[in-house]
Structures are given as C-alpha cells and as structure tokens.
Amino acid sequence: MSLLAVEQLDARHGLLQAVRGVTFTVAAGETLALLGANGAGKTTLLRTIAGAHRPFGGRILFDGVDVTAVPAYARLRIGIALVPEGRRLFTGMTVKENLLVAGAYGNSGPWTLDTVLDAFPLLRPRLNNRAGTLSGGEQQAAAIGRALMTNPKLLLLDEVSLGLAPIAVEAVYRSLEALIKAGATVLLVEQDIGRALGVATHVACMLEGRIILARSAKDVTREQVTEAYFGLQRARRATS
Ligand code: ATP
C-alpha cells in the first residue's frame with residue numbers, strides 16, 4: 001500500500017484553478033521530485049497535501065486513511081511535515097528553540113536534537129543564535145531539521161535550494177541525500193532538474209496544474225523532463 005495517495009485533486013485560489021485533477025502515489029522509502037516552471041501549481045499541491053490549503057475536489061489518503069478534511073496540525077501528528085518555501089522559521093527564537101518547539105508538537109522517534117545535529121552538522125555552532133541571524137543555507141538546514149524533529153513519515157520539501165549560494169545548496173543536499181539513503185519518504189519540489197534527478201526515485205512534471213509526465217527516475221532522461229517542464233511536447237503537437 002502507498003504511504004501517500006493523491007486522487008483527482010483540485011485546488012483553487014479564488015477563481016484560479018492551480019491544481020487540476022492531480023493523481024499520484026508515493027510509497028514508503030520513495031523520493032518523488034515534483035518539477036515544473038513557476039506557477040505550475042507545485043507549491044499549492046504541497047500545501048494542500050500538508051493541510052495548509054483546502055482542496056476544491058479530490059482526496060488525499062495517508063497510510064490508507066482519508067485525511068482530506070484533517071487540519072494541518074493533526075496531519076503533522078500523523079506524520080506529514082512540510083518545509084515551506086521561504087523556510088518560515090521563528091526568527092526571534094534560537095535555532096535550538098525552533099527545533100525543540102517542533103519536537104514538542106510532533107511524535108517521538110529517531111529524530112532528536114542530537115540526531116538532527118548529526119544530520120545537519122552546520123547547525124551545531126549556531127544552536128544558540130537567533131534563527132533570523134543565520135545564513136540562507138543554515139536557515140534551510142534549520143527548517144528541515146525542525147520538520148524532522150516531529151518524526152514525520154512523509155517529508156514535504158518546497159524548493160530547498162531556492163535563493164541559496166551554491167556551497168549552501170551542496171551542504172543541504174549532502175544531508176538530504178543521507179536522509180534519503182536512510183529510508184526517508186520525501187516529496188520534493190525543486191527547480192533544479194539535475195539536483196532533483198540526483199536524489200529522486202520518481203519524477204513528476206507539472207504544467208498548468210496538471211501532471212504531464214510521471215516516471216521512475218531511472219526511466220526518464222533529462223531532455224524528457226526539460227521538454228515537459230517547458231511544455232514543449234504540447235507546443236510541438238500544436239504546431240505539427
Ligand atoms: P513557484 O515555483 O513560482 O512557487 P508553483 O509551481 O509552486 O510556482 P504555485 O505557487 O502553486 O505554483 O502557483 C500556481 C498558480 O496559483 C499560479 O498561477 C499562481 O499565480 C497562483 N497562486 C499561488 N498562490 C496564490 C495566492 N495566494 N493567491 C492567488 N493566486 C495564487
């Protein structure tokens with residue numbers, strides 16, 4: 001059975017339909033990379049799965065249970081954790097406080113302050129600094145660490161490399177790769193196709209709210225993803 005099953009999901013912002021009839025599954029241990037250009041609907045889809053955005057239609061099943069109407073805080077308790085775009089740390093609190101607060105709201109499990117710091121060693125010297133004073137890469141590591149502190153079964157990551165210096169992206173991805181190798185289940189929104197293909201077991205490309213390409217990562221080429229990303233297949237059909 002899949003850990004996550006999304007069925008015919010529709011999500012809107014007012015009259016604008018951002019997610020259109022999206023269906024896919026993620027099994028335990030898989031990493032699905034969700035790719036697509038700006039405005040394709042990736043963030044809306046992730047937020048809807050996390051319970052931060054109310055769907056207009058369709059269903060979300062988690063561990064076989066219909067969670068479509070379950071509020072965000074309760075989804076966190078059953079194991080769905082979102083690392084939002086822009087990180088959204090409590091900037092006036094220290095890194096340690098950010099991590100411990102999340103730990104208090106989540107479940108017990110392998111992720112504790114110590115194991116999170118082992119996974120993201122760059123946070124160790126910054127533990128007592130206010131989160132708002134950290135560099136972009138350190139803040140991203142803290143945001144992922146905060147989600148891990150809830151001991152999620154499914155980690156939703158929205159554009160973890162956005163706005164980071166290349167060296168910070170390297171550090172964050174090194175830790176992510178280790179997490180994925182250790183068996184984490186991840187749904188990852190990423191603009192960088194190369195990075196995404198480097199860590200994902202599966203790939204889905206969104207265009208204008210729809211999934212237009214879904215494959216196992218080993219069965220897809222970078223060219224196919226790039227074409228889907230920019231909607232070139234459709235443009236080519238329209239002109240032929
Ligand atoms: P990006 O990479 O730019 O974040 P995305 O693929 O994550 O893009 P979304 O942010 O989900 O896409 O946006 C999908 C569509 O919904 C876009 O047309 C966007 O303008 C619109 N949209 C997103 N958030 C809102 C909002 N709060 N109010 C109105 N429209 C929105």
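**Entry 1: Arg-124 and its partner**

I looked up Arg-124 and found it partly exposed, with a relative accessible area of 40%. This is a predicted model, so I read each value here as computed. Arg-124 forms a salt bridge with Asp-118, and their closest N and O atoms are 2.6 Å apart. I then checked Asp-118, which is exposed at a relative accessible area of 53%.

**Entry 2: other salt bridges**

I counted seven salt bridges. Next I took the pair Arg-126 and Glu-138, where the closest N and O atoms are 3.1 Å apart. Which parts does this pair tie together? Arg-126 sits in the loop between helix 4 (113–119) and helix 5 (136–148), while Glu-138 belongs to helix 5, so the bridge links parts 12 residues apart in sequence. Arg-126 has 21% relative accessibility and counts as partly exposed. Glu-138 has 16% and counts as buried. The limit for buried is under 20%, so the two partners fall on either side of it.

I also noted Lys-218 and Asp-219, whose side chains meet in a salt bridge at 4.0 Å, N to O. Lys-218 counts as exposed at 72% relative accessibility, and Asp-219 as partly exposed at 47%. One network turned up as well: Glu-7, Arg-59 and Asp-66 are joined by salt bridges that share partners.

**Entry 3: the ligand site**

I listed the residues around the ligand and got 14. Gly-39, Gly-41, Lys-42, Thr-43 and Thr-44 come nearest. Which side chains place a polar atom by a ligand oxygen? I noted Asn-38 at 3.3 Å, Lys-42 at 2.7 Å and Glu-159 at 3.1 Å. On its own the ligand has 630 Å² of accessible area, and the protein covers 60% of that.

I then asked which elements give two or more residues to the shell around the ligand. They are strand 2 (16–26) and helix 1 (42–50). Helix 1 gives the most, with three residues. By class, I found four nonpolar, seven polar and three charged residues in the shell.

**Entry 4: helix 1**

I went back to helix 1 to check its cover. Is helix 1 mostly covered or mostly open? It is mostly covered, since seven of its nine residues are buried. The buried ones are Lys-42, Thr-44, Leu-45, Leu-46, Thr-48, Ile-49 and Ala-50. Just after the helix, I noted a positive phi of about 90° at Gly-51.

**Entry 5: Ala-33**

I looked up Ala-33 in strand 3 (residues 31–35). Its relative accessible area is 0%, so Ala-33 is buried.

**Entry 6: a nonpolar surface patch**

Last, I looked for nonpolar side chains on the surface. Phe-90, Val-101 and Tyr-105 form a patch there, with about 300 Å² of accessible area together. Tyr-105 is part of helix 3 (residues 95–105). At 54% relative accessibility, I log Tyr-105 as exposed.

How values were computed
Residues numbered from 1 in each chain as written. Predicted model: local features only at pLDDT ≥ 70, side-chain atom pairs only at ≥ 80, totals over all residues. Heavy atoms only, no water. Patch = residues over 30% accessible without salt bridge, like charges linked within 9 Å, V, L, I, M, F, W, Y side chains within 5 Å. Areas by Shrake-Rupley, 256 points an atom, 1.4 Å probe, with all protein chains shown as cover. Helix = DSSP H or I, 4+ residues; strand = E, 2+ residues; numbered from the N terminus. Buried < 20%, exposed > 50% of the residue type's maximum accessible area, 1.4 Å probe, protein only. Near = heavy atom within 4 Å. Polar contact = N/O pair within 3.5 Å; in protein donor to acceptor, adjacent residues only side chain to side chain. Nonpolar A, V, L, I, M, F, W, Y, C, P; charged D, E, K, R; others polar.
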